[in-house]
Amino acid sequence: MEIDFLKGSWVAIVTPFNKNLEIDFDAWSNLLDFHLENRTDGIVICGTTGEGATLEFEEKKELMKIAKKKLSKKCKIMFGAGSNNTKQACLLASKAAELGADAVLTVTPYYNKPPQKGLVTHFKEVAESTELPVVLYNVPGRTGCNILPETVLELSKTKNICGIKEASGNIEQLEKLVSILPKHFSIFSGEDALNLPIMVCGAVGTISVTANIAPKLMKEFNDAALNNDWVKAREIHYKLLPTHKAMFVETNPLPVKSALAQKNLIKNYLRSPLCESSLETDKLVKEIITELGVEF
């Protein structure tokens, strides 16, 4: 299944909270406006950066409701429907369409450390639970489990498994993915610091943390890469590289929430077991975004 919109600049958007650790829906609405203004191609809701693991279903439902109303026909929505419980992942994926999602992002089961055969079974069951396009999410640094290229190839034969967010940090693995997967299968960079080489290798877009604070530049980077304007893409990538690295000096989304809070787009609150960023991170982030010179 070839899906035209599974490409370009997508943001792994944060979820803003107030001091009571309830969702700040005013800030949420402002963030969505921010991405519309900067022409972000797609928004990933309730993913890792959005602290999806600590959101209740009713909260996810409300986030999606507001996003769909504001973004309809202007920006695509991918709903984070991952879990290490296959039944729960299927339930989330089955609800995605009625919530207004255009696609589903489903992460490799964490903690369980399933073998590749188990991953195939898990992802196929998730795909069977929805008619929406499904994008796999490979981030072994957080899940303790890597989806091998051969496994992705097997899963690509499932009708609605249409792409992968590749965040292994392994360029050789990325190269093999590109070389063996069908041309219509969408590969996204999920590792901001490697966006340029991943796009050069054949990815069609980015699902980015940095896009939370520099959506215009990330859009320009993706547009340049997809137009084979590698001089411009390289220039933007190296301009953003210190920011890409700064966003991961502590666990994501601590640094990016610090950056957004310093620009008064959100308050710097995270749900336990996460916590606010350190003073050292706050200082570094302030220096980086000041030097970058992006407008919020």
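Angles between elements run from 0 to 180 degrees between N-to-C directions, and the axes are lines fitted to C-alpha atoms. The model discussed here is predicted.

In this model, eight strands close into a barrel in the order S1-S2-S3-S4-S5-S6-S7-S8, with parallel pairing. On average, and with direction ignored, neighbouring strands of this sheet are turned by 25° against each other. Strands S6 and S7 run parallel and are joined by four bridges, and lysine 165 has phenylalanine 188 in S7 as its bridge partner. Helix H4 lies across strands S4, S5 and S6, and runs at about 160° to S4.

The elements that take part in this arrangement have the following residue ranges.

| Element | Residues |
|---|---|
| Helix H4 | residues 116-128 |
| Strand S4 | residues 103-107 |
| Strand S5 | residues 134-138 |
| Strand S6 | residues 161-166 |
| Strand S7 | residues 186-189 |

The largest nonpolar core holds 78 residues, of which Ile45 and Phe79 touch the most other members. Helix H3, residues 86-99, supplies the largest share of this core, with six residues. Beyond its neighbours within four places in sequence, phenylalanine 79 is in contact with residues including Ile45, Met64, Leu92, Leu99 and Val104. Another core, of 16 residues, lies apart from the largest one and has Leu6, Val44, Ala167 and Ile207 among its members.

Helix H11, residues 254-262, is largely enclosed by the rest of the structure, because eight of its nine residues are buried. Among the buried residues are Leu254, Lys257 and Ala261, and their cover includes helix H10 and helix H12. Just after H11, asparagine 264 takes a positive phi of about 65°.

Key
Residues numbered from 1 in each chain as written. Predicted model: local features only at pLDDT ≥ 70, side-chain atom pairs only at ≥ 80, totals over all residues. Heavy atoms only, no water. Core = buried A, V, L, I, M, F, W, Y, C linked by side-chain atoms within 4.5 Å. Buried < 20%, exposed > 50% of the residue type's maximum accessible area, 1.4 Å probe, protein only. Helix = DSSP H or I, 4+ residues; strand = E, 2+ residues; numbered from the N terminus. Contact = heavy atoms within 4.5 Å. Pairing = 2+ DSSP bridges.
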